[in-house]
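Biologist: I am new to this structure and would be grateful for a guided discussion. May we take it question by question?

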Amino acid sequence: MPSLPVTLRLGGGTGRGVNMRLADPEMGGQAPWDSLLSGAPLKSLAEEPTTPEAADGKQPSPPPPSLQAVKVVPKAKPPMRRRHTFGETFNATLAPLLNPQKMQYNHVDTNGETTQPNLSPFRRLSRFSHRRFRRRVVFKGGDCNVTQTNVAKRRRRYLQDIFTTLVDAQWRWTLLVFALNFVLSWLAFALVWFTIAAAHGDLKPVEQRPNITCVSSMDSFTAAFLFSVETQHTIGYGARFISEECPEAIFVMCVQCIAGVMIQAFMVGIVFAKLSRPKKRTQTLLFSRNAVICQRDGQLCLIFRVGDMRRSHIIEAHVRAQLIKQRVTSEGEVIQFYQHELKVGGEGAEDDQIFFIWPTNIVHKIDESSPLFNMSAADMVKERFELVVILEGVVESTGMTTQARSSFLPSEILWGHRFQSMVDFKQDRGEYEVDYSKFNNTVEVETPLCSAKDLEELKKVIANNVVTEKKNRKISLPPIPAPVSQQEPLNLPGPESRI
């Protein structure tokens, strides 16, 4: 059987299938790849069948009488990809989800090629997919990944502390409660004023009304609502006023004035507390993207960097670090989230208090009391823990206490790296300049890949070998000559030997 050259035609668009065909030079046509696999004889086809019978696998229509030889056609250049607009992206992704009946499925076009839509409508577009993939207790931005469920009498407890609830709520809910408080109070007192006017007969026709009304020019509920607004906010237009005819109206006016002042004070306090929350101050407190492990004075240290973007400083700044990891006690109890406190400090500081005027490296020495003492570079990749770092201090401008948080996973700790310096003195201006473009920059340094425990044992072995070698070393000295009295008499030549 003569060899048949194989011609591959690849679809140009994304999602288009591969069309593999056999070319028979003797027959002057092409045969489907499926016919060769099934053992059917090769038949020359000038073009693929387009009838429904051919698509269903039935006997195809006979080829045309004149067949030409197969010509090698140069591959056309693929069309240039252009950037899709927002409308095209919306129609390709979200429109099939909103209308499933108009979803495009695989179909056979006029050339017999199977095509697929470029974008799958079942593609998950989750905002927090990366958060579920990486199990964190504290996100990089400082938010805690903790939710409470099955809390007894949860709504009642939140309503009992309504002030904190509204301060912690989102702005849309706070503004909604702000508006509802005023509108509902206006409507409630308008109903009271309307009831007083109806009981006194002020709503009757003009000829049946009393000579002196409780509130002048109030003959409908709309007028009562306007008078309620004017009374609560001390807005007087001169058209409506209270007379001494109704003592109950005077009492209601006093009550509404007191209630209006209390509502205003309450809502203004909520808005002010929400605007001045120290949580917003943490947006300008920065933590490095990665932590590093390197040697300092021969000892392995874990280092991360903190910085402040504002010129107003954080007073009494303290830094804490906790390693959250599973722990099994001697009794067999499994503690899923055991919080091990790490001893950290600034550059050259023994305690956790730092002078926070520029970006500072926070150092944790990996010694016998550290949970990282037995971890090597290879163990760091296999371990599952989370390092939570906390920066606390007093805001200089407001005097309020603030707290910023972040965390590092084992994959975010770089072994054998060191932070690049970012503070430089400018001679022309006579001041120190902090370049925040280098805040996350690190450089590689030579660092042992073993654990701190193995490194300490290796140092001890080397020290013991040096001491032993000094003890076993034999110092060779020249022999000490004997005293002259103990020596043999010297045979010196006499005078006769000179003759």
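Modeller: Buried means under 20% relative accessible area, and exposed means over 50%. Please bear in mind that this is a predicted model.

Biologist: Is Thr 282 buried or exposed?

Modeller: Thr 282 sits in the loop between α10 (247-275) and β6 (285-287). Beyond its neighbours within four places in sequence, it contacts Thr 402, Gln 403 and Ala 404. Its relative accessibility is 16%, so Thr 282 counts as buried.

Biologist: How far apart are the end C-alpha atoms of α10, and what span should its 29 residues have?

Modeller: At 1.5 Å a residue, the 29 residues of α10 should span 42 Å. The end C-alpha atoms are in agreement with this, at a distance of 43 Å.

Biologist: What covers the buried residues of α10?

Modeller: The buried residues of α10 include Ala 249, Val 252, Ile 263 and Met 267. Among the elements that cover the buried residues of α10 are α7 (162-168), α8 (171-200) and α9 (221-232).

Biologist: Which cysteines does the disulfide join, and is it left-handed or right-handed?

Modeller: The structure holds 1 disulfide, which joins Cys 214 to Cys 246 with an S to S distance of 1.6 Å. Cys 214 lies in the loop between α8 and α9 and Cys 246 in the loop between α9 and α10, so the pair ties together parts 32 residues apart in sequence. The torsion about the S-S bond is about -45 degrees, so the disulfide is left-handed.

How values were computed
Residues numbered from 1 in each chain as written. Predicted model: local features only at pLDDT ≥ 70, side-chain atom pairs only at ≥ 80, totals over all residues. Heavy atoms only, no water. Helix = DSSP H or I, 4+ residues; strand = E, 2+ residues; numbered from the N terminus. Buried < 20%, exposed > 50% of the residue type's maximum accessible area, 1.4 Å probe, protein only. Contact = heavy atoms within 4.5 Å. Expected span 1.5 Å × (residues − 1). Disulfide = S-S within 2.5 Å.
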